[in-house]
Structure formats: structure tokens, C-alpha cells
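Please read this briefing alongside the sequence and the structure.

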Amino acid sequence: MSLLAFPDRTPAPSLLSSEVLDRARVLDTLVNNLDGMAYRCGHDAQWTMIFVSEGCATLTGYTPAELVASAGISWERLTHPDDRARVRAAIDEAVRTGRRFAQQYRILPRDGAPKWVQERGVPVADEQGSTVIEGFIEDITEQRATLEALQQAELRYRSIFEHASEGIFQTTREGHYLAANPALARLYGYTTPQELITDLSDIGRRLYVLPGRREAFRRMMETHGSVRNFESEVYRSDGSRMWISENAHIVRGAQGEFICYEGTVQDISERKHYQEQLERQANHDLLTGLPNRVLLGDRLSQGLARAQRLGYYLAVVFIDLDHFKFVNDSLGHAAGDHLLQEVARRLSACLRQSDTVARLGGDEFVLVLNDHYHVSTIISLLERVLHQIHQPISLCGRSLQVGASLGVALYPDDSEDAASLLRHADIAMYAAKDRGRHNFQFFTRDLNRMAEERLHLEAALREALDSDALHVHYQPKVDHRRRIVGVEALARWHHPTLGPIGPDRFIPIAEETGLIAPLTTAILRQAFAAARRWNAPGEPQLQIAVNLSARLFMSADIVSHVLGLAREAGIAPHLIELEITETVFLDHSQGAIDSLRAFKHHGFSLAMDDFGTGYSSLSYLRSFPLDIIKIDRSLVTDIEREEEGALIARAAISLGQSLRKRVVAEGVENQAQFDFLRCQGCDEFQGYLISRPVSEDQLSAMLASGGVIPRSGLPGGTHA
């Protein structure tokens, strides 16, 4: 570069060889014929040019003689005023760090028409040891124009994509969504396209009702390159079904390589509904309008395929009305028909749209219950069915109550084919009749025992609530010095004959039966009263944490109710921490959001419980007014031995710190875990290492002894 920048310098005699002279000539020719400008300039206020190549004339309209120091036309002046500060800052930083730089900016050539240029350079020391900049500047105006045109085209396409009334999609061959527009998300029942893309991760198994439909779509695409009016029945996000028509084609790259399937979706449910009306008489019971035996077989086949695909339970329930013959014989067949129609209406009202209720004939009905994760939810539904059937009905001016015997068979436990499930449910129904009628029996003995135990526990729980037999234990939370800074209130139940019953058994029953509200009220009253005693004047402030079930947020008066209980106990809201599970956030209902904000307005602290176990917890930390995150015990277990677990726990704590949330670790069971979490900056600790849940008197004694839990001989806990 120095030979080219200063051609009048005389090389040292030892270098005067034809090889060196030829190389200098080649380099001089190369530099001066580059499509751009090579340069050396000073690191000064004007970017004074020391050398420029011949390419400067095309780039700027000025000759090299006009741009070097003697001409006074500085590069600072040629740089667009709006870009000068940015470019100088970048080059100053490169000089400071001794690194290369690359910048895109505008210049003002002789003709005054701005050009976009790209400059690449590096700071170097010249022959006297002073810092100069050497680099290359080229015209990228056309490239920028092309890029902007592409961006504008993309914006136009994006606008069409986002605002089209038809659903638009792009998918892989394997059946994964690459893109979906808002219209498609709405069509399938999703809030956003991203939610659709995430949930429908396997189109072939999750979207189409008919197995193999996606494979047929793919074969047509590969054979013909497109599909036209491809009609299919699909599942929406809530399990309901709709009919769609797809038009799609293969998108290929410049070299003919496959990129994706792209197409549109239309809702044709209305047209299909008309066609279905023509078929209804052949598939439905004329008296009740319910599916008949033919359609039941089809629905059951579809339900089995879905249960197998998604890994859910499917329940087949055989229902026979008790003493129906008496109604027919005493009140007449018209009254019997009216009873059957009313029972059909009540059964339909109990079920979801994705379930099926069919009439086989006479007083026999069959339910097909889809998409159940737990047997307990099936039991709850059967109890509701029995309750609804047993409600009084007016027949011929008389009020009657009708019972029913229900037999239940489960896929996959009892059988994996429809005929066997129906047969087993029928056997279980006769067992229900033998047990005294108006009850339900499972084909499997173990499940019968589970159902009976649940019914007994529900009755016992109601009695316990009526007699104030539930009580509260308190698990301390400590800071890094093991000083008690708060407690969590935990419900405890000791039955006089059944013994201790864990919250994992009675809390789900309370939630499913509606007892969660009185249970929570009883626990809050005890906990708030104890907190008031611990926070007497002159005592250190102690915050009490209580759990609120997600079901309570369905009540509009949840905030006023909890606030009233706090005022009744005489405890300030800022001393109360409300622990809320992710289920509340999953709802995203305006009512739940308003309740959270109202709690925050009144001074309550809000904590996300079991952090790290949910699907979208990170978004909730940004969207909702949370003060505390409680790291779930599953993230704490084995962190002292498993590097991956330690990394996850460390990340969770760091996230909480970054978002200025108080971080509480649950399930701390040994000193190594405590030390690790403390070193990572965890604020509070809770677990058996600190203390097991203890009674109010035991906790009061711990506070009276100084409120610091020692490292060994822990009250109510284990040894460190």
C-alpha cells in the first residue's frame, strides 16, 4: 500500500529488482482499476485523505488531486450530515480497539445526488508511527435500491398475508407448519398464528379427523404439484370439527429444489351441513334426535383413533333407566316418550361437543367420552350425569324422579376395540343394577374402588368443613442467613378414622366439587389470624403466603372476599403473599387479569407458584403484575449432583433477578442445595432442610427463640 500511496518514494537499493518493480506495477494497476476507491486517511476531524485511488472519480466525481490534503475537499464534507456522527463513532471505536470496521452510509458526490457506499477499513500505524486509516469504499446504491424494493414487496405480500379473509399456510412435506396467517388461526380456533403453529406440530395426526388424509394430500401434491378443492373434516383447537376446502401448490427455489407447500383454506361447513341433513334420518334416532346405533359405531371408531393418537382415556358408558317400564305401563307411551326426550336433552347438556350421546333403543343410551387425562374427571362427569337424570320431571301433571344404572368401560385399560368396550360397559351396567341401581360401576375393580373412595372422601370433606376439622400448618421461608422472613400456610386434614389425608388427595376433590371456596375461606381465616398474632406491634414483619386455586378466579368477588378476610383478621395486605399457579395465567380471561391487578392495587404480593413446570411461564413474568417467582422443587432436586439441573436452576434465578422479582426456592432438602442456591443469589429458601410444616405453636416458639434456624437439629425438620 505504501508504494501505491507514495509513488515518488525511492525504494531501498536492495529492493531494486524487476520482480519488485513488476509487482508494484501490478498492484498499482489493480488498485486504480478497482470498482471503488482505495484510500489512506488521517484519523482527524476532516478525515484528511493522504492517498486515494483512481476509482474516486467514478465514486465521488472528484479527481484524486481534488481529494488529497492540498485540495481541501474533505471526506467529512462528502459524508452525508445525517450519517457523520454514526460513522465517526464506529471508526473511533475501531481505532480504540485496533479492529477492522465496516459501515454503510451516504455520501454527497459532486453532482449532489446522494449515494450509498460501504466502507471497510482498519486502523494502522504509518511510517512515522501515527495512526491512519486504510480501506476501501464502494458504491452500493443499486444494491440498497434492490434490497428496499424487495422489502417493499415483502411488506405488500405480508399485508395481503395478514389481512386476507381466507386462511393461508406454508407447511413442510412432513406436516409441520412454517407459516400461518391470522385468518387460518381464527378458522381453527386459535388466538394467534404462533399458537396454531406450536399446537399443531403434526398436521397429519392433530388436524385431520380421518387418518391418512394428510398422506393423501401429500401424494397428490407430489404427483401433480398442486391440489384443487381438497375437502377434509378437521379438528379445531377445542376439539370441535369443521369442513375445509384446500387449494395448494409446491413452492420451489431457483434451482428447482423443494421449499414448501403453500395454499389457502376455506370453511365449507355450511355446505357440508346441508349434505349432512340429508343423511341425518339414516343416522339419528327419530324420537330424540340423538345418534343411532349406526352413527354411534362411527363416532366410537373416531374416538378410539383420537384416543390412540393423543394418548387419552376414552370412556364408553352404557346407561339404562331404572323402572322405565313402570312409567310406560302406568302413564302411557306418550309420557314414556317425553321422559326419553328429556333424558336425552339432559345427557347432551352434560357433555362437551367432542363427546357423543346415542340412543340404542328403548331406554338404553350410550355415552362416548373423549379426551380425558385422568379417571377422576370421568368420575366427576358421571356424578353430574346421575345428578341431572335424577332431577324431578313433570309427566302427566305428576312430578317424578328417575334413576339410572351406568356401566363404564375404558380404552385402553378394558379393551382396544369398540365391540368389546360396548360389551364390557353393558356388563358393568348390570353390576350397577345389582348394587342397588342409580349408581355407576366400572368394568375394572380397581377403578371401582377409586370411585368409591372418592365419594367417601367427598362426603368426609363436606363434614370436615362443616365442623371446622381442617387446620393449617406453616412452613418457614428463610433468607441466606437462615432468618425466618415468611411462612407458607398449608392445609392439613386428620380424619378420626381415615387418619391423615394429604392435600394431593382432598384438594382435587374440593376443586372438582365446588368445595374449594369454603375450604380456602377456612384456611385463610386461620392463616390470617395467626399472621396477625405474629405481626404484633414491635415484632419483625413476617409475610404469610397462601395459595389461591385457579377455580376461585372464576368468581367475580374473589378480590373483595380475600380483602374482607384480611380486614376481619386485622392484617395488612402487604403482609400477605398470594401464590397462584400457572392455570390462572393460561386462561388469559379479562376477569382473571382484572382480579390480579386489583389484588396488586390493594397491596397484596403476587407469586407465581411452581415456576419452571409450565409451558409459557416466561411470557407471564412480563405480562402480569408478579412480585415473586417460586422455583419448583423439581428444579432443585439433585442440583448438587446434576450439572444440567444446576444450569436450569441458575438460569431461573438469573431470570428472576433480571426482571427484579424476588426468587424463592422450594424443596431445599440438603446443605449443598442451600449453598448452591445462595451463591447464585436466591433470595429465600423453603424445604425440609429448613423445616417441615409445623403448627402455629411450634412456629411461634421458633420465632420466640430468635427466628433463626440453625444448621443442625432443625425444629420439625432434618439435620443439615
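pLDDT is the predictor's confidence in each residue, on a scale from 0 to 100. For this protein the mean pLDDT is 87, and 92% of the residues reach 70 or more. The model is predicted: local features need pLDDT of at least 70, side-chain atom pairs count only at pLDDT 80 or more, and totals for chains, interfaces and linings use all residues. Residues are numbered from 1 along each chain as its sequence is written, and side-chain values use heavy atoms, with hydrogens and water left out.

- Over residues 1–18 pLDDT stays under 50, and the model has 18 contacts (heavy atoms within 4.5 Å) for them beyond four places in sequence.
- Residues 713–720 also have pLDDT under 50 throughout, with 24 contacts beyond four places in sequence.

**Helices H20 and H28**
- Helix H20 spans residues 516–534 and helix H28 residues 696–704; helices are DSSP runs of H or I with at least four residues, and strands are runs of E with at least two, numbered from the N terminus.
- The two helices pack at an angle of about 20°, with their axes 11 Å apart.
- H20 and H28 are therefore roughly parallel, a term for angles under 35 degrees.
- H20 contributes Ala530, Arg533 and Trp534 to the contact, and H28 contributes Glu696, Leu699, Ser700 and Leu703.

**Trp243**
- Trp243 lies in strand S9, residues 241–252.
- Leaving out residues up to four places away in sequence, Trp243 touches several residues, among them Glu231, Gln266, Ile268 and Lys272.

Terms used:
Axes are lines fitted to C-alpha atoms, for helices over the stretch in contact, and angles run from 0 to 180 degrees between N-to-C directions. Angles under 35 degrees count as roughly parallel, over 145 as roughly antiparallel, 65 to 115 as roughly perpendicular and the rest as oblique.
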